[in-house]
Amino acid sequence: MIQRKIYEIRGQRVMLDRDLAELYGIETKYLKRSVKNNIRRFPPDFMFELTKEEWDSLRCNFCTLKTGRGQHPKYLPYAFTELGVSMLSSVLHSEVAVEINISIMRAFVAVRQLIANPPIDKVSLLQREVKELKEYMEEVFADQNDINEDTRIQIELINQTLAELQVCSKEREKKPRPRIGFIGYNEDSTEK
């Protein structure tokens with residue numbers, strides 16, 4: 001609940017006086033009066049007053065306006081940085097203020113940690129893994145195609161060699177082959 005009440009204004013994470021007053025269980029005017037009575041404790045890096053433009057841009061985020069007397073602030077709200085919120089506990093002297101302040105400080109730390117270490121987006125992690133797998137498969141198929149091309153060339157060479165051997169064997173069949181075996185002597189013949 002507290003983290004939703006932390007806004008980023010002027011490059012700083014802040015909480016508005018009305019939200020802090022609501023958390024502390026006091027009216028905003030009492031919180032502002034306590035701050036004004038101790039203004040030296042709130043330098044510009046602890047607290048600043050919003051401009052009309054900043055307030056109008058934030059009001060757009062608060063949905064529709066409530067109607068009725070006292071529903072709209074007469075004065076522009078104060079924005080308290082983390083340091084300013086911690087200083088409020090010394091200005092507001094109550095047990096509730098101290099306990100709420102501890103919760104607010106923890107919320108600021110949680111927001112800071114969330115920004116420093118964003119949670120792992122499982123969808124983008126899966127997308128990256130699928131992309132890597134797709135690239136790997138494309139490489140495998142490219143290698144497979146290279147192997148297939150090499151194999152196709154080798155098969156063509158084997159087929160060509162077999163065709164040449166068939167042609168050679170047919171040519172040999174056409175030639176008369178010398179007879180194999182012993183030449184017998186004919187006694188009548190003069191040849192020996």
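This report covers the strands, salt bridges and a surface patch of one predicted model.

Residues are numbered from 1 along each chain as its sequence is written, and side-chain values use heavy atoms, with hydrogens and water left out. Because the model is predicted, local features need pLDDT of at least 70 and side-chain atom pairs count only at pLDDT 80 or more, while totals for chains, interfaces and linings use all residues.

**Strands**

Helices (H or I, at least four residues) and strands (E, at least two) are DSSP runs, numbered from the N terminus. Two strands pair if DSSP finds at least two bridges between them. Strands β1 and β2 pair in the antiparallel sense over 3 bridges. Here Tyr7 stands opposite Val14 in β2. The two strands form a hairpin with 2 residues between them. Arg10 sits in the turn, with a positive phi of about 55 degrees. Strand β2 also runs antiparallel to β4 (residues 78-80), joined by 2 bridges. In that pairing, Leu16 stands opposite Ala79.

**Salt bridges**

A salt bridge is a side-chain nitrogen of Lys or Arg within 4 Å of a carboxyl oxygen of Asp or Glu. The structure holds 5 of them. The table includes some.

| Pair | N to O distance |
|---|---|
| Glu22 and Lys5 | 3.1 Å |
| Arg10 and Glu54 | 2.8 Å |
| Asp56 and Lys52 | 3.5 Å |

What does the bridge between Arg10 and Glu54 tie together? Arg10 lies in the loop between β1 and β2, and Glu54 lies in helix α3 (residues 52-61), so the pair ties together parts that are 44 residues apart in sequence.

Glu22 and Lys5 form a salt bridge. This pair links distant parts of the chain, 17 residues apart. Glu22 is in helix α1 (residues 17-24), and Lys5 is in the segment before β1.

Asp56 and Lys52 both lie in helix α3. They are 4 residues apart, about one turn of the helix.

How covered are these residues? Buried means under 20% relative accessible area, exposed over 50%, and partly exposed in between (1.4 Å probe, protein chains only). Glu22 is exposed at 53%, but Lys5 is buried at 13%. Arg10 is partly exposed at 45%, whereas Glu54 is buried at 16%. Asp56 is partly exposed at 28%, and so is Lys52 at 48%.

**A nonpolar patch**

Leu133, Tyr136, Met137 and Phe141 form a nonpolar patch on the surface. Patches are made of residues with over 30% relative accessible area and no salt bridge; like charges are joined within 9 Å, and nonpolar side chains (Val, Leu, Ile, Met, Phe, Trp, Tyr) within 5 Å. Together the four residues have about 430 Å² of accessible area, computed by the Shrake-Rupley method with a 1.4 Å probe, where for residues only the protein chains shown count as cover. Phe141 is in helix α6 (residues 122-174).
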